[in-house]
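Here is a short briefing on one protein model. Look at the structure first, then read the points below.

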Amino acid sequence: MRVLGINAIFHDPAAALVVDGRVVAAAEEERFSRRKHGKRPVPFAAWEQPELAAAWCLRSAGLGPGDIDAVAYSFDPGLTRDLATMGVTDPSDAMRVDYARRAPQFLATALPGLDPERVRFVPHHVAHAASAGLSVPEDNAVLVLDGRGEVASHLAGVYRGGELTTLRTQELPHSLGLLYEDLTRHLGFLHSSDEYKVMALASYGQPRFLDMFRELVRPTGDGGFVVERIDWAALTKPRHADGEINDDHADLAASVQTRLEEVMLDLARWTYDAAGGPKTLTMAGGTALNCVANARIAAEGPFERVWVQPAAGDSGTALGAALALGSAPVEFTTAALGRGWSDEELEAELRRAALPYTRPESIAAEAARVLAGNGIVAWYQGRSEYGPRALGHRSLLAHPGDADTQRRMNDVKGREQFRPIAPMVRAERFAEIFEGVCPSPYMLFVHRVRPEWRDRIPAVTHVDGTARVQTVHTETEPLVAAMLAEFDRLTGLPVVVNTSLNTAGRPMVDTPREAMELFGSAPVDLLAMGPFAVHRTKAFAA
Ligand SMILES: [Fe+2]
């Protein structure tokens, strides 16, 4: 059975291909179109399909649109209701539903040869749930939280033998995702995009509005929750995009963040009981990208294991919708499901760009040497990552021991200076340095840095003594593990700074050409592209 999954309804359009129960390919449209998040989440954009990503998914498997048994579209327009009853005030929202109904025709136009009759509508939260619950082999409880789907913002359920039983949904207008989006907008950031910045800002503040938020945002005791209308302007002045960030902003972020954690923990506990106490909780939905809340659920919740889908945002519903139609669990072992190039293709690209390159005996050792000398490395290896995090395939790497690294990296990437940068660590050394969830191969939890290590890796230790860690396992990421081992040998530190390979406002680098463009336009010392090395000192005359 060949199922093409499509997310196109709100934001982060993406496509995924599942063939006979195997995830063959999955990628966000932004990596192809170079428009960050693919499109803005306005109703008018709902007609746009992830046509480049979908065409690539098919091509990569040697299939054409006519070879597909089913297309799974991650929104079911048949489930929607009158807008007023959902508290949706935008009258043009009806357009979104109209466009969703016509998705089969839009898809048939985008992918000539596709039979529109093969398009199936999968409920949005069922798609999110499947992206997590069908990605682990064991039975599990599943918790989905996002801004909104058709009529709800939440689903709690349980997967037994690959079958989902829904235990509870929370209908709109109550939404933890929209609460966080509203806060993001009030603080002058881009909503449906910059929520992770608010999470970082929260750690600088005191939750002095927490009592008020405990009244306004509360679990109902039956697995659901209430979010009252919030008069944000009465709490702090709205911040403009280029306005200064002050303590009030940080305190507001801290208050909402803390309340979000408390409510999510409550929902996780309810789900555990209602699901009959399974060992594993899986999570998806944009709110599950909140790695601070995830870490609290793992630490304080009742589950032995918490597994979060790395493409937890809407892009992951492309995969989830495809899995929901197949319904047998697949073990998700890597997020490297996007495009990749052969060594020959990479070499041809380097030649075409006339960049002086070498093929060292070990690209891992070459990169480690540059990093040990406090250089910055653009690390372009294998297939690109599905989901918002760079996990050692399209990464920008640096030395964690220099306190100034954070400023340099934020400068290279044009980011706000309050933003933390994250470490990757060899899994076997994790426990010596960090506390918390391990394995953590997808950077979806925060961890405490052990006090004796904080001064040794200041670049990756956030203001509150935490770090968002990626654990690197030799079995799944041998090349990254080899680079870390060599860096450890040279410096005594089994940790390297890992941020995404992009510059301000741009999607992550996907093609070799984009990697070379970034190398040419940012102060990066080494481009490690496949087995090839391009040194800045040799590429550009001083
Ligand atoms: Fe969603």
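A disulfide is a pair of cysteine sulfur atoms within 2.5 Å. The model is predicted: local features need pLDDT of at least 70, side-chain atom pairs count only at pLDDT 80 or more, and totals for chains, interfaces and linings use all residues. Residues are numbered from 1 along each chain as its sequence is written, and side-chain values use heavy atoms, with hydrogens and water left out.

**Cysteines**

- How many disulfides does the structure hold? It holds zero.
- The sulfur of cysteine 291 is 16 Å from the closest cysteine sulfur, which belongs to cysteine 438, so the two are too far apart for a bond.
- Cysteine 291 is buried, at 1% relative accessibility. Buried means under 20% relative accessible area, exposed means over 50%, and partly exposed lies in between (1.4 Å probe, protein chains only).
- Cysteine 57 is buried too, with a relative accessible area of 0%.

**Nonpolar cores**

- A nonpolar core is a set of buried Ala, Val, Leu, Ile, Met, Phe, Trp, Tyr and Cys residues joined through side-chain atoms within 4.5 Å.
- The largest one has 90 residues, and those with the most contacts inside it include Phe213, Ile230 and Trp232. Helix H10 (residues 247–274) gives the most to this core, with eleven residues.
- Another core lies apart from it, with 57 residues, among them Leu346, Leu371, Val497 and Ala515.
- Helices (H or I, at least four residues) and strands (E, at least two) are DSSP runs, numbered from the N terminus.
- In soluble globular proteins, nonpolar side chains tend to be buried together.

**Helix H19 and its cover**

- Helix H19 spans residues 512–521, and its buried residues are Pro512, Glu514, Ala515, Met516, Leu518 and Phe519.
- The cover over these buried residues includes helix H1 (30–33), helix H13 (343–352) and strand S21 (526–529).

- Arginine 394 is found in strand S14 (residues 394–398).
- The backbone oxygen of aspartate 510 does lie 3.3 Å from a polar atom of the arginine 394 side chain.
- Lysine 413 sits in helix H15 (residues 405–413). Lysine 413 is buried, with a relative accessible area of 3%.
- The lysine 413 side chain reaches the backbone oxygen of serine 500 at 2.5 Å.

**Leucine 167**

- Leucine 167 is in strand S8 (residues 163–171). At 28% relative accessibility, leucine 167 is partly exposed.
- Leaving aside neighbours within four places in sequence, its contacts (heavy atoms within 4.5 Å) include Ala156, Val158 and Trp270.

**Backbone details**

- A cis peptide bond joins leucine 172 and proline 173, with omega about 10°. Proline 173 lies in the loop between S8 and helix H6 (176–186).
- The peptide bond from cysteine 438 to proline 439 is cis, with omega near 5°.
- Histidine 37 has a positive phi, near 65°. Histidine 37 is buried, at 15% relative accessibility.
- Asparagine 374 has a positive phi, near 70°. Asparagine 374 is partly exposed, at 25% relative accessibility.

Methods:
Polar contact = N/O pair within 3.5 Å; in protein donor to acceptor, adjacent residues only side chain to side chain.
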